[in-house]
Amino acid sequence: MEIAIVMAAGMGTRLRPVTEATPKPLLQVAGSPMIETIIRGLLYRGVETIYIVTGYLKEQFAYLPRKYKAVTLLHNPDFSCANNISSLYYACDVMNQAEGFICEADLYVADGRIFAAKLQESCYFGTWLEAATDDWVLDLDADGYIARIGRGGCRCFAMAGISYFKRAEMQRLAELIRRAYEEDGQTALFWDEVVNQNLSQLKLRVHSVQKEQIVEVDTVEEWQQANAAFSRGAINEWM
């Protein structure tokens, strides 16, 4: 059994004014809400239960469980005062159920077949970068395991917004998230920073994907570029 947790609670402030009335994951790219391209990819793999963690404008996500039987909604009441560690905190109980995916919700998945890969170890999906970037990257050690998750790098993997944890490591991650949130009060952290702080306990590889298969949308310009790059209905080409 596999599950997926899709974090969709954020306010999408970098996409304002577009997100003043619509949560970022429900913005359409190529005629499809971004979050639905993630759901379809997960269903293509056969994921049985998809937990979507909502917060900002949560009522707009209510149609998803009706449209997709695999979807269950969870609520993050701290979405406006804490970072995305809070979304995983409110999913800790379900993280103990099974192995599976943790996904950002601001992704347009142009090729849902990326979810069908045989994943033998816990991993982050990443796209290879030759040029320097200030965005989130994954550095590897000599054995090919992730040695750093952080901002800025060159000739490295850029985070693609999807990760996969085997059951033991998913349970360990839930414990680490709960401890950081409750005991240490680190509510301002990105959840990936918790992973970075505990890479000695979480052995992670990179699963390489291509830039044209998945696009992360953070700004109005990136949203416009994604709509221009993908033709309407392109999501159906792989189904």
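Modeller: Thr-219 counts as buried, because its relative accessibility is 18%; buried means under 20% relative accessible area, exposed over 50% and partly exposed in between, with a 1.4 Å probe and protein chains only. The model is predicted, so local features need pLDDT of at least 70 and side-chain atom pairs count only at pLDDT 80 or more, whereas totals for chains, interfaces and linings use all residues. Residues are numbered from 1 along each chain as its sequence is written, and side-chain values use heavy atoms, with hydrogens and water left out.

Thr-219 lies in the loop between β13 (214-216) and α7 (220-229). Helices (H or I, at least four residues) and strands (E, at least two) are DSSP runs, numbered from the N terminus. When neighbours within four places in sequence are left aside, Thr-219 is in contact with Arg-14 and Leu-15; contact means heavy atoms within 4.5 Å.

These partners lead to the next feature. The peptide bond from Arg-16 to Pro-17 is cis, with omega near 10°. Pro-17 belongs to the loop between β1 (2-8) and β2 (28-29). As background, most peptide bonds are trans, and most residues other than glycine have a negative phi.

Thr-19 is also in the loop between β1 and β2. It counts as buried, because its relative accessibility is 0%. Thr-19 and Val-220 are 201 residues apart in sequence, yet their C-alpha atoms are 9.5 Å apart in space. Not counting residues up to four places away in sequence, Thr-19 touches Met-11, Gly-12, Lys-24, Leu-27, Tyr-56 and Leu-57.

Leu-57 has a positive phi of about 50° although it is not a glycine, and it sits in the loop between β4 (49-54) and α2 (64-67). Ala-30 is another residue other than glycine with a positive phi, near 55°. Its place is the loop between β2 and β3 (32-33), and at 7% relative accessibility Ala-30 counts as buried.

The loop that holds Leu-57 runs up to α2, and Leu-64 is in that helix. Leu-64 counts as buried, because its relative accessibility is 0%. Leu-64 and Glu-36 are 28 residues apart along the chain, and their C-alpha atoms are separated by 8.5 Å.

Aromatic rings make further links. Rings of Phe, Tyr and Trp (its six-membered ring) pair if their centres lie within 6.5 Å; planes under 30 degrees apart count as stacked, over 60 as edge-to-face and the rest as tilted. By this rule there are 11 aromatic pairs. Phe-101 and Phe-115 form an edge-to-face pair, with 5.4 Å from centre to centre and 75° between the planes. Phe-101 lies in strand β6 (residues 99-104) and Phe-115 in the loop between β7 (107-109) and β8 (123-129), so the pair ties together parts that are 14 residues apart in sequence. Both Phe-101 and Phe-115 are buried. Tyr-124 and Phe-165 are likewise an edge-to-face pair, at 6.5 Å centre to centre and 70° between the planes. This pair links distant parts of the chain, with Tyr-124 in strand β8 and Phe-165 in strand β11 (residues 156-165), 41 residues apart. Tyr-124 is buried, with a relative accessible area of 2%, and Phe-165 counts as buried at 0% relative accessibility. Ring pairs also link Phe-101, Phe-115, Phe-125 and Tyr-164 into a cluster.

The whole chain remains to be described. The protein chain has seven helices and 13 strands. Its radius of gyration is 17 Å, close to the 18 Å that the globule rule gives for 239 residues, so the chain is as compact as a globular protein of that length; the radius is taken over C-alpha atoms, and the rule is 2.2 Å times the number of residues to the power 0.38. Along its principal axes the C-alpha trace spans about 45 × 40 × 35 Å. Buried residues make up 55% of the 239 residues. Of the contacts with a separation of 6 or more, 74% come from residues 24 or more positions apart.
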